[in-house]
Amino acid sequence: MSRTKYTREEALAFHYEPTPGKWEVNATVPMTTQRDLSLAYSPGVAVPCEEIAANPELAYDYTNKGNLVAVISNGTAVLGLGNLGALGSKPVMEGKSVLFKRFADVNSIDIELDTEDPDEFIKAVRLMGPTFGGINLEDIKAPECFIIEQTLKEQMDIPVFHDDQHGTAVICAAGLINALHISDKKIEDVKIVLNGAGAAGIACLELLKSMGARHENCIACDTKGVIYQGRTDGMNQWKSAHAVKTDLRTLDEAMKGADVFIGVSVKGAVTPAMVESMAENPVIFAMANPDPEITPEEAQEIRADAIVATGRSDYPNQVNNVLGFPYLFRGALDIHARAINDAMKIACAEALAALAREDVPDEVALAYGKTLTFGRDYIIPTPFDPRLIWRIPPAVARAGMDTGAARRPIIDMDAYEVGLKSRMDPTASILRSINARARANQARMIFSEGDDPRVLRAAVSYQRSGLGQALVVGREADVKAKLEAAGLADAVAEIEVVNAANTPHLETYKEFLYARGQRKGLDRTDVHRLAARDRHVFAALMLAHGHGDGLILGATRKSAHVMELINHVFDADAKHGAAGVTVLLHKGRIVLVADTLVHEWPNEQDLATIAERAAGVARHLGLEPRVAFVSFSTFGYPVSERAEKMHLAPDVLDARGVSFEYEGEMTADVALNTRAQEAYPFQRLTGPANILVVPARHSASISVKMMQELAGATVIGPILTGVDKSIQICSSNSTANDILNMAVLAACKVG
């Protein structure tokens, strides 16, 4: 299976642009007028200060404490890189902070402490306690991590959670619940072998024992072999707690007859012979990163009955901590928890396991390009599952309330679940889903403008991201020079450069073009010039003949000119029902605007077609379409012939019998604001519109560019739809990342 590839330059650019780092701070209150400042700071701020001083619990009401987690490290065990120090760990901690926000809407700040002294570390964190609702410890080496976490849990009255230990343990437990369910085994009966008695391994054993695994059935191993009672070499108090009375001395011996293997060790630690010696229906969690103790292919070649999980995203059953820590903290914060206890961790594991046994939503299946059903290759939910945010935190919260960890219990759990659904940014899951679908499709993407460095960087990223093959139209020497100038010299041998001089299909292309254009004023000379010298036409001909699966163009020419060129090859015009749909992403909302590319001044029939095309794009993105035909008038007032077609377009859709919501004509605020819609109880939309069909291309362009420049909206598109091949046209001011996004849409055949 392919793995995402990137260069050091790309990784550094990602962290450098558009601003250094991965997060920033934004105010949640107005900070415009003198009155705003007086309330936010002196003298108005004195009022909540006095209230909190009198009743500390009110800090959760009047400050951000209740939704703020610190990600804290000293950098002594950074990923698989070792001791990089506090400053060297900062990019990882920033990344963890971003994951909290992205997956569970938890605000998070990274803090790097420049000390390897556990006592200094403990004191620093404890003194910061009033600031935060929870502490996530990260990348601290063992055995200091055990001392630090245990002491802080005893001294602080907020959750302290070392994710390297317990995050892995929770997801491992969730997978094991389902693996044993499939194997028809009980946790109290199975023999479990752990290899790698560090922080994560010991946490896995402790959680499994708290779930019912028997101490005498759990054999822990490290680099010196089995951890047995009486061993003195390489021991500490945490290993000693899991020492068993046994004659076994090596991992090889321990694996004989084992039901479960849990690996948090090194590549190759498990041999095929060890797998062969395991019990019937063996469960193998080979979680060493980046390479597992044994690959799923190797294990299942020996034992077809094996259930295998790894830490890798390119294999089934990924043990991914992002399934746990955001939702554990979300549930803990929402009950103002004093701690995250074993009951809350077990509740998280059981909720994850239960979710994997249910039918998988369509958007998850779309994201993976295949149907996922509970079984040996699907025992753990995927990070793409939209249900995680409203299924896991309530389970954690209930367990916290039942065990007395909650300061403020949740009274109405149904309302809590509804609130969780609404607080997540839908754009995140949609964009993740599109990328995953593109990766599954492995489309051969034609980039027509190989003379532009932005396009070349996008093409290289497309291929190195594992999305498919990049085909660049250009001259070999020119492409090579530009890649080298961009610091991508090693990519020269990776991407395929195509042009009229090296294709065996030029004559076929020319005959096709002549047949289409001979009655439209094109002679043989025109055809040769277009096919052999114009990269846009040549690229379109490649696509038309199946020599690529998608086409990206427009980065170096105006979209109107590009449309003229591709219409030599395709019927991509208003007469044939083509349309342009632009996607706006802003503050967690997704709105599609159409037509932004093809129709200059559409009539009511055209507008209805545009609505249908936009609805198709919305469904490709995982949205249920709600179309509003927008104007300066609402339902006939003020009267204007300019608005009449917007009034008539819904009637056209009535006659066509379409299967999506639509309404109009209406002003944009009525379309987008449910409160404004209440003034028109007869209107048919069940919520804010997510598709705005506008009167003309100029109004579409003005609207989109104003949102982009004034509101900072992210713009994707225009997406060309209504053409029988996947073509996407970039804007001339696109960045390399914008071009890559368009390639991802083309790979998914959006539109």
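## Basis of the description

The model is predicted, with local features requiring pLDDT of at least 70 and side-chain atom pairs counted only at pLDDT 80 or more, while totals for chains, interfaces and linings use all residues. Residues are numbered from 1 along each chain as its sequence is written, and side-chain values use heavy atoms, with hydrogens and water left out.

## Cavities

The structure holds 2 cavities of 30 Å³ or more. A cavity is a set of points, on a 1 Å grid over the protein atoms alone, where a 1.4 Å probe fits but cannot get out; lining residues have an atom within 4 Å of a point. Grid points are joined across faces, edges and corners, and a volume is the space filled by probe spheres set on the points. The largest cavity has a volume of about 60 Å³, and its lining consists of Ile430, Leu431, Ile434, Val583, Leu585, Ile590, Leu621, Ile716, Ile719 and Leu745. Two or more lining residues come from each of helix 20 (426–441), strand 15 (579–586) and strand 20 (714–721); helices (H or I, at least four residues) and strands (E, at least two) are DSSP runs, numbered from the N terminus. Helix 20 gives the largest share, 3 residues. By class, this lining has 10 nonpolar, no polar and no charged residues, where Ala, Val, Leu, Ile, Met, Phe, Trp, Tyr, Cys and Pro count as nonpolar, Asp, Glu, Lys and Arg as charged, and the others, Gly among them, as polar.

The second largest cavity has a volume of about 50 Å³. Among the residues that line it are Asn74, Thr76, Glu116, Asp117, Phe121, Lys141 and Glu144. Helix 7 (118–127) and helix 8 (144–155) are the elements that give two or more residues to this lining. The lining of the second largest cavity has 4 nonpolar, 3 polar and 4 charged residues.

## Helix 22

In helix 22 (residues 476–485), Asp478, Val479 and Leu483 are buried; buried means under 20% relative accessible area, exposed over 50%, and partly exposed in between (1.4 Å probe, protein chains only). These residues lie on the same side of helix 22 because they cover an arc of only 130° around the axis, the arc being that of the directions from the helix axis to the C-beta atoms. Ala477 and Ala485, on the other side of helix 22, are exposed.

The buried residues pack against helix 21 (453–464), strand 12 (470–473) and strand 13 (496–498).

## Strand 14

In strand 14 (residues 550–553), Gly550 and Ile552 point one way, Leu551 and Leu553 point the other way, and all are buried. Strand 14 pairs with strand 11 (residues 445–447) in the parallel sense over 3 bridges; two strands pair if DSSP finds at least two bridges between them. Ile552 is the bridge partner of Phe447. Strand 21 (residues 726–729) runs parallel to strand 14 and is joined to it by 4 bridges, with Gly550 opposite Ser726.

## Two buried helix residues

Lys239 is in helix 11 (residues 237–240) and is buried, with a relative accessible area of 14%. Beyond its neighbours within four places in sequence, Lys239 is in contact (heavy atoms within 4.5 Å) with Ala197, Ile202, Asp222, Ile227 and Gly234.

Tyr327 belongs to helix 15 (residues 325–334) and is buried, with a relative accessible area of 3%. Its contacts, leaving aside neighbours within four places in sequence, include Phe103, Ala104, Leu388 and Pro393. The C-alpha atoms of Tyr327 and Leu388 are separated by 7.7 Å, although these residues are 61 residues apart along the chain.

How values were computed: On a 1 Å grid over the protein atoms alone, a cavity is a set of points where a 1.4 Å probe fits but cannot get out, and a pocket is an open set with protein on both sides within 12 Å along at least five of seven lines; lining residues have an atom within 4 Å of a point.
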